[in-house]
Amino acid sequence: MRKTVLLHPLAVRIAHWLNAFAIGCMLMSGWAIYNASPLFGFKFPLWATLGGWLGGAIAWHFAAMWLLFANGVFYVVYGVASGHFRRHLLPLHARDVVGDARQALRFKLPHRPGVYNAVQKLLYWGVIALGLLAVLSGLSIWKPVQLDTLCDLLGGFDFARKVHFAAMAGIAAFVVIHLLLVALVPKTLLPMITGRGRVNGHAENLP
């Protein structure tokens with residue numbers, strides 16, 4: 001028997017959409033900043049950048065950074081205090097990741113609304129780690145003199161820029177995978193807006 005239940009609490013939905021906006025702004029403004037002094041032999045197209053010029057891109061980048069930071073702190077505090085992390089992102093075992101990855105590659109991985117499979121859990125923990133690395137490397141290249149110890153830990157200014165680029169590239173890859181999964185299972189989008197969805201019987205780990 002199918003019934004409508006709460007899949008995503010309001011706090012999770014707010015954090016999700018604020019993150020989506022902030023990350024989009026940070027990526028596009030970051031690409032504009034990168035274009036001003038490329039690390040590698042390519043530049044991003046102008047239509048994919050934000051800010052119009054270097055000063056404008058930096059302003060957008062910092063504004064989005066503070067939004068992302070505040071929202072990240074809110075999400076972590078909520079996730080720990082409410083048990084959201086424990087219920088949805090734990091436990092995580094290597095054998096489960098391998099098994100679910102094999103099923104996903106064969107397009108046979110079942111989807112249960114409100115329940116994360118092992119691959120999703122790994123991706124979420126991975127993007128949280130990448131977010132932390134992006135913040136630390138970003139701070140080190142923003143204030144390399146004041147935060148010289150952090151900058152040195154990340155291999156110096158030039159290498160810290162590469163670390164920051166790699167972290168943001170990893171986050172961009174997560175976004176692409178996330179969008180592909182939504183495209184493959186479009187019924188997951190509406191519950192992230194309304195919070196509610198239909199499940200068979202009872203769903204574990206809700207909300």
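User: Which residues is serine 29 in contact with, leaving aside its neighbours within four places in sequence?
Analyst: In this predicted model, serine 29 is in contact with Leu50, Ala57, Trp60 and His61 once those neighbours are set aside. Serine 29 itself belongs to helix α1, residues 10-36.

User: Why is serine 29 called buried?
Analyst: Its relative accessible area is 0%. Buried means under 20%, so serine 29 is placed in that class.

User: What makes the approach of serine 29 to histidine 61 a polar contact?
Analyst: The two side chains come to 2.9 Å. The cut-off for a pair of N or O atoms is within 3.5 Å, and one atom must be able to donate a hydrogen and the other to accept it. The pair therefore counts as a polar contact. A polar atom of the serine 29 side chain also lies 3.3 Å from the backbone oxygen of methionine 26.

User: How many aromatic pairs are there?
Analyst: The count comes to 15.

User: Why is the pair of tyrosine 124 and phenylalanine 174 called edge-to-face?
Analyst: The ring centres are 5.7 Å apart and the planes stand at 65°.

User: Which residues form one aromatic cluster?
Analyst: Trp31, Tyr34, Phe40, Phe42, Phe44 and Phe165 form it.

User: How do you know that lysine 143 lies over the face of tryptophan 142?
Analyst: Lysine 143 is at 5.0 Å from the ring centre. The limit is within 6 Å, with the charge also within 35 degrees of the ring normal; lysine 143 is therefore listed as lying over the face.

User: What lines the second largest pocket?
Analyst: The lining has 20 residues, and Asp100, Arg112, Tyr116, Asn117 and Ala118 lie nearest the centre of the pocket. Elements giving two or more residues to this lining are α3 (84-88), α4 (94-105) and α5. The volume of the pocket is about 280 Å³.

Methods:
Residues are numbered from 1 along each chain as its sequence is written. This is a predicted model: local features need pLDDT of at least 70, side-chain atom pairs count only at pLDDT 80 or more; totals for chains, interfaces and linings use all residues. Side-chain values use heavy atoms; hydrogens and water are left out. Helices (H or I, at least four residues) and strands (E, at least two) are DSSP runs, numbered from the N terminus. Buried means under 20% relative accessible area, exposed over 50%, partly exposed in between (1.4 Å probe, protein chains only). Contact means heavy atoms within 4.5 Å. Rings of Phe, Tyr and Trp (its six-membered ring) pair if their centres lie within 6.5 Å; planes under 30 degrees apart count as stacked, over 60 as edge-to-face and the rest as tilted. On a 1 Å grid over the protein atoms alone, a cavity is a set of points where a 1.4 Å probe fits but cannot get out, and a pocket is an open set with protein on both sides within 12 Å along at least five of seven lines; lining residues have an atom within 4 Å of a point. Grid points are joined across faces, edges and corners, and a volume is the space filled by probe spheres set on the points.
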